[in-house]
Amino acid sequence: MSALPISLWAVLLLFQQQPLELPDVAANPYTSNNDIALGKKLYGGRCAGCHGPGGDGGKGTNLATSVLPRAQSDLALYRVIRYGLPDTEMPSHNMTQREIWQISAFVRTLGQADQSALSGNPARGGELLKGKGGCLQCHVVNGEGGHLGPSLSDVGRMRSAAYLRAKLLEPDKDLSGNFALVRLTTPAGKKLSGIRMNEDTWSIQVRDMSGGLHSFWKQDLSDLKVESRTLMPSYRDRLSADELNDIVACLVGLRGESFVETRGKPGAETRGKQ
Amino acid sequence: MKLVLAFAFAIPLLAQVTYERILKSSSEPGNWLTYSGNYAAHRFSPLDQITAGNVHRLKPAWSFQVNSLQKFETTPLVIDGVMYISEPPSNVTALDVLTGRPLWRYRRTLPDDLRVCCGQVNRGVAALGDLIYVGTVDAHLVALNAKTGAVIWDIPVAAYKSGYSVTVAPLAVKDKIVLGMAGGEYGVRGFLDAYDAKTGKRAWRFWTIPGPGEPGNETWKGDSWKTGSAATWVTGAYDPETNLVYWGTGNPGPDWNGDVREGDNLYSDSIIALDLDAGKLKWHFQFTPHDVHDWDATEVPILIDGEVRGQKRKLVVFPNRNAFYYVLDRVTGEFLLGNPYAKQTWAKGLDDSGRPIRVPNTSPTHQGTPVWPAVAGATNWYSPAFSPLTGLLYVAVREAGSMYFTGDADYKEGEQFNGGGFRNLAGEQEWGEVRAMNPVTGEVKWSHKLFTPPWAGLLSTGGNLVFGGTNEGQVFALDAATGKPLWRFQAGGAARSNPMSYLAGGKQFIAMPMGNSLYVFGLD
């Protein structure tokens with residue numbers, strides 16, 4: 001998987017190429033049990049690789065939720081599947097209208113599944129996030145924390161509890177290529193490691209462990225390794241089962257509401273906050 | 001004679017673009033008269049002012065922004081001090097070559113219910129006589145006055161509501177404008193047309209899918225020939241000695257569901273050689289019989305002469321989207337050589353006739369089948385380049401795979417007819433490379449790695465340089481003999497086109513669309 005800026009670039013290009021052709025209906029006309037069954041089959045091939053067979057997320061966002069913030073209406077969901085989302089890795093899909101509607105119908109059933117109550121205590125989880133877990137050393141939550149890893153402020157909107165639990169236990173599994181770890185030797189002979197911000201044929205831009213930004217021509221580097229692994233430790237032996245439940249309960253509750261209006265992301269209008 | 005020539009070049013030429021001028025384009029390297037630079041499609045500029053020794057001094061001379069966010073895929077033509085570019089979706093602009101200032105603009109009003117699968121794009125114009133020709137996404141061919149941009153005629157080529165469009169740069173040969181079409185994702189029936197250059201009257205049409213009773217129709221199950229696509233959306237080549245037009249054809253439709261069109265599906269994914277005067281098929285060669293991966297053979301065929309197994313042959317060479325490199329005899333169509341030039345997992349190899357020996361279980365499925373190369377292929381529509389100086393063929397290669405899916409294939413006129421889809425392979429690091437190959441053997445002489453699979457073609461020059469562009473916005477120059485990178489410029493937008501070169505005021509310039517701007521570079 002390529003770096004985030006590259007995938008973003010590709011998705012942006014894909015998005016801008018296509019004039020939007022949307023169906024002339026407001027509601028999904030294909031919602032019979034048969035449609036849902038066919039949609040499930042299509043979903044298994046096209047969507048499950050990123051969103052998980054049960055829609056509980058993975059590389060892709062959590063779909064097993066009653067409200068899909070960027071796809072609240074049927075037409076919005078159709079549009080997301082057909083044309084992708086320009087600020088994410090969600091690609092466009094060339095399928096027939098019926099196939100897209102059938103996938104949509106199946107996706108809607110994912111949110112009806114019983115989201116079994118989480119046993120953890122979110123308040124205690126919040127304390128663990130800041131304290132024992134050390135999460136804020138690398139992740140930012142509501143403006144507080146480090147920047148080596150992705151922001152967690154809206155992680156509960158993007159990821160399911162199952163995904164978050166798996167990530168805490170096996171952080172190296174299913175890496176997207178975002179936040180790739182870079183190790184290099186600078187032209188001055190200094191060893192440097194950090195997170196890849198961008199890369200092209202001739203140059204690389206890196207954020208070091210203390211947040212400093214560096215840009216290099218690759219030809220000047222005697223040693224450059226880009227590793228598709230994460231700095232995040234496994235919490236399997238660091239937290240008790242209860243503590244893990246608490247952190248997951250806290251993360252699931254982080255839904256980024258306080259940021260929606262200021263971030264100005266495309267798609268924000270679908271959240272009904274403006 | 002020399003004096004006369006010098007005089008002729010010293011005054012602004014108002015001469016017409018004749019067939020003879022295009023035929024002898026190498027004798028006026030300051031101009032760029034046809035899409036690929038010459039009829040043999042070498043994309044080679046004999047200009048030699050910019051060299052390995054001074055290319056580090058190459059700087060932007062001017063740039064021109066287009067008024068569209070669609071992909072900007074044009075190859076400019078330069079004729080006697082004027083540059084003619086197409087802008088997406090179907091517009092034409094004439095620019096002053098020295099300053100980049102527009103002289104005239106043709107703006108087409110388009111219907112709002114166009115059918116284009118992959119962007120409202122245009123790859124360039126053709127010139128003949130006093131006219132400039134452009135195909136449009138609503139499937140017309142338009143002739144413009146070269147001095148004013150005024151419309152001289154505007155004729156419909158096909159019905160856009162059925163899924164037809166024109167994005168290809170036309171090819172002007174003798175008294176004809178040869179024109180391909182697009183629409184391979186809409187279940188159209190493909191064709192290659194030729195029009196009378198003066199009047200726009202259609203001279204011939206060659207259907208790329210044979211009709212009932214014609215040889216090849218039996219390679220389509222039932223009525224599937226009616227919706228079999230085989231579009232012709234990339235400009236071909238022409239050989240005056242054989243009087244044949246060589247043109248690549250696109251995928252069979254629907255793209256990923258082959259069950260509804262059992263058979264070889266002629267002439268999809270083929271090269272066709274047509275007699276220019278009558279449009280009759282002289283020979284064909286199908287690269288990917290019964291394609292189910294959308295591997296259009298809409299690449300640029302390159303005409304060279306070479307020695308194969310001790311025998312001098314007239315060749316057409318073809319780096320194909322299916323990851324095999326082909327060498328054919330261009331007089332007879334005989335298959336001479338074919339080897340993989342990028343990672344591929346779908347064929348064990350080619351048999352003696354050039355037919356692929358398929359690996360089992362590589363067709364798309366409902367669950368997805370991972371196959372290399374990717375749906376975009378090991379190369380794509382963008383141009384390779386051949387240098388007669390180094391004798392090398394330069395190809396921008398894509399190294400990636402795709403997950404291929406099959407799906408519904410119900411044809412409805414004017415709607416997409418794909419029968420499946422694809423996605424990137426999870427966890428795969430895709431990459432690209434510029435490769436310099438011996439065009440007769442396919443042997444790689446040197447390569448230059450690119451961070452991601454490219455979407456732009458190459459230009460070779462008399463200064464022994466190869467120019468190209470990256471997805472990450474760089475225009476670059478490599479040493480044509482060694483591949484050593486010598487120069488680059490960050491243009492701020494992805495390369496989705498081909499470079500070309502011309503003279504203005506006696507100075508050599510390199511032009512390349514980058515992002516949504518045309519950049520022109522010259523020595524400072």
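Among the contacts in chain B between residues at least 6 apart in sequence, 58% join residues at least 24 apart, where contact means heavy atoms within 4.5 Å. Before I go on, this is a predicted model, in which local features need pLDDT of at least 70 and side-chain atom pairs count only at pLDDT 80 or more, while totals for chains, interfaces and linings use all residues. Residues are numbered from 1 along each chain as its sequence is written, chains are lettered from A and ligands numbered from 1 in the order in which they are written, and side-chain values use heavy atoms, with hydrogens and water left out.

Let me begin with the overall form. Chain B has two helices and 38 strands, these being DSSP runs numbered from the N terminus (helices H or I, at least four residues; strands E, at least two). For its 524 residues a compact globule would have a radius of gyration near 24 Å, and the 21 Å of chain B agrees with that; the radius is taken over C-alpha atoms, and the globule rule is 2.2 Å times the number of residues to the power 0.38. Along the principal axes, the C-alpha atoms fill a box of roughly 65 × 50 × 45 Å. Buried residues make up 68% of the 524, with buried meaning under 20% relative accessible area, exposed over 50%, and partly exposed in between (1.4 Å probe, protein chains only).

Now to the backbone. Two cis peptide bonds deserve a mention: one runs from B:Gly253 to B:Pro254, with omega near -5°, and B:Pro254 is in the loop between β16 and β17; another joins B:Trp372 and B:Pro373, with omega about 0°, and B:Pro373 lies in the loop between β25 and β26.

Finally, the salt bridges. The structure holds 38 of them over all chains, a salt bridge being a side-chain nitrogen of Lys or Arg within 4 Å of a carboxyl oxygen of Asp or Glu. In one of them the side chains of B:Arg330 and B:Asp239 meet at 2.7 Å, N to O; B:Arg330 lies in the loop between β21 and β22 and B:Asp239 in strand β15, so the pair ties together parts that are 91 residues apart in sequence. Both of these residues are buried.

B:Arg313 takes part in two such pairings. With B:Asp329 the closest N and O atoms are 2.9 Å apart, and this pair links strand β21, which holds B:Asp329, to strand β20, which holds B:Arg313, 16 residues apart. With B:Glu334 the closest N and O atoms are 2.5 Å apart, and here the loop between β21 and β22 is linked to strand β20, the residues being 21 apart. B:Glu334 counts as partly exposed at 40% relative accessibility, while B:Arg313 counts as buried at 13%. Salt bridges that share partners also join A:Arg98, B:Asp408 and B:Asp410 into one network.
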